[in-house]
Amino acid sequence: MKRVTAAALAMIVASGLLAETKASTDLPVALDFFKIATPEANSPRIVDYDETWFITGPVSDAINKATQGDNWELVEGKLVYAYYRFQPGVSALQIQREYEASLKEAGYEIGFSCVTDKGTCFLDAKPVSGVYLGLLLDTPRDMPALDKHTMSYVRNYFNTSSARYIYATKGSGENITHVAVSLADSPAKGVVAITKSIMTGASASITAASSLRDELKQNQTVSLDNLLFDVGSDILLPLSRDQLHEIAMMMREDPSMKLQIVGHTDSDGGRDYNLDLSKRRAASVVRALAEGFDIESDRLSSAGKGLSEPVAPNSSESGKAKNRR
């Protein structure tokens, strides 16, 4: 009986393509304006499906009344958090005016905009500091900390004299993009834009393909455990088809994605032998995706590392299994 080995090849997003994929597929056009600013270290954060509240008009500034009233709207879909910092000396007013113009040019409808120290954000029309808006942004659930200092709360950005808020939408029916942008007005340190967007119409289903894509987006690489070969062979066995199908579905869901399949081996057989085998196995996966699942060949590439990059000692069977990736 032939022995079968699982070649847990690594799949990585081809160089530079992760950022391109996010920009072209996951981020709404409304965020293109912020390319002139510097994104915080962990920005953007993308959640394939969730819900969030938007302020759509003047609301109470009382925390215990947050999400109550006609001007709070709960929306669900693909959710994007992205925070940006502008160079010191650029005023929040200038950013707001230019951003609102860019929204209109992109076909968005501005539903609400306000300034805290002018009393236009809240029902009592009382001028207040920007922290009141920051507190509401973190209610009822704290927004994620994305800055390089890992600040605990978004409201910490708003310890300023004023804050500005813009809410806009684009689309109709089931497919609407909602965007909320809050500007923490601190020109001496640089105005910070806290943006939250949600795109409705996204599917709430969790599939193997979407899970695979989520892991790639997070880590830029994923190990594939169910690609099977005979020992010493580069011919994929039929049981590999389910894994190949998941990869193909993921790539069809995101036509801009490009992948590199990289083969790694344990130390059995020597350096030259394993380098050649890892290259041939990775190439077999690329060939199977292109020929068997009609994935465009220019979106795929392959490479082999052989035994040169172990992640565990080759002195045990369990270590060798981890190195075959």
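Which residues form a disulfide, and how far apart are their sulfur atoms?

## The disulfide

Cys 114 and Cys 121 are the pair, and their sulfur atoms sit 2.1 Å apart. Keep in mind that this is a predicted model, and every value here is computed from it. The disulfide count comes to one.

Are its two ends buried or exposed? Cys 114 is buried, as its relative accessible area is 3%, and Cys 121 is buried too, at 2%. Buried here means under 20% relative accessible area.

## The overall picture

Zooming out, the protein has seven helices and 13 strands. It runs to 325 residues, and 48% of them count as buried. As for how the chain meets itself, take the contacts with a separation of 6 or more: 72% of those are between residues 24 or more positions apart.

In soluble globular proteins, nonpolar side chains tend to be buried together. In this model the largest nonpolar core has 30 residues. Those with the most contacts inside it are Ile 55, Tyr 83, Val 154, Tyr 157, Phe 158, Tyr 165 and Ile 194. Several elements supply at least two residues each to this core: strands S4 (45-55), S5 (72-85), S6, S7 (163-172), S8 (175-184) and S9 (192-199), along with helix H3. S5 gives the most, with five residues.

There's another core apart from that one, made of 24 residues, among them Phe 86, Ile 166, Val 191 and Met 199.

## Helix against helix

Next up are helix H5 (residues 241-253) and helix H6 (residues 271-292). Their axes come within 10 Å and cross at roughly 65°, and the crossing is right-handed.

Which residues meet where H5 and H6 touch? From H5 come Leu 244, Ile 247 and Ala 248, and from H6 come Val 285, Ala 288 and Leu 289. The residues of this contact divide into six nonpolar, no polar and no charged.

Most residues other than glycine have a negative phi, and most peptide bonds are trans. A few spots in this model go the other way. Thr 139 and Pro 140 are joined by a cis peptide bond, with omega about 0°. Pro 140 is in the loop between H3 and S7.

Then there are positive phi values. Thr 67, in the loop between S4 and S5, has phi near 75°, a positive value in a residue other than glycine. Thr 67 counts as partly exposed because its relative accessibility is 21%, and the buried class takes in values under 20%. Asp 294 isn't a glycine either, yet its phi is positive at about 60°. Asp 294 lies in the loop between H6 and strand S13 (300-306), and at 64% relative accessibility it counts as exposed.

## Two loop lysines

Lys 126 is in the loop between strand S6 (109-115) and helix H3 (131-137). With 44% relative accessibility, Lys 126 is classed as partly exposed. Not counting residues up to four places away in sequence, Lys 126 touches Thr 116 and Gly 119. How many residues separate Lys 126 and Asp 61 in sequence? They are 65 residues apart along the chain, and 9.6 Å apart in space, C-alpha to C-alpha.

Lys 189 is in the loop between S8 and S9. Lys 189 counts as exposed because its relative accessible area is 67%. Lys 189 and Phe 86 are 103 residues apart in sequence, with 8.6 Å between their C-alpha atoms. Phe 86 belongs to the core of 24 residues. Leaving out residues up to four places away in sequence, Lys 189 touches Arg 85 and Pro 88.

Definitions and conventions: Residues are numbered from 1 along each chain as its sequence is written. This is a predicted model: local features need pLDDT of at least 70, side-chain atom pairs count only at pLDDT 80 or more; totals for chains, interfaces and linings use all residues. Side-chain values use heavy atoms; hydrogens and water are left out. Helices (H or I, at least four residues) and strands (E, at least two) are DSSP runs, numbered from the N terminus. Buried means under 20% relative accessible area, exposed over 50%, partly exposed in between (1.4 Å probe, protein chains only). Contact means heavy atoms within 4.5 Å. A nonpolar core is a set of buried Ala, Val, Leu, Ile, Met, Phe, Trp, Tyr and Cys residues joined through side-chain atoms within 4.5 Å. Axes are lines fitted to C-alpha atoms, for helices over the stretch in contact, and angles run from 0 to 180 degrees between N-to-C directions. A crossing is left-handed if the near helix is turned anticlockwise from the far one by less than a right angle, and right-handed if clockwise. Ala, Val, Leu, Ile, Met, Phe, Trp, Tyr, Cys and Pro count as nonpolar, Asp, Glu, Lys and Arg as charged, and the others, Gly among them, as polar. A disulfide is a pair of cysteine sulfur atoms within 2.5 Å.
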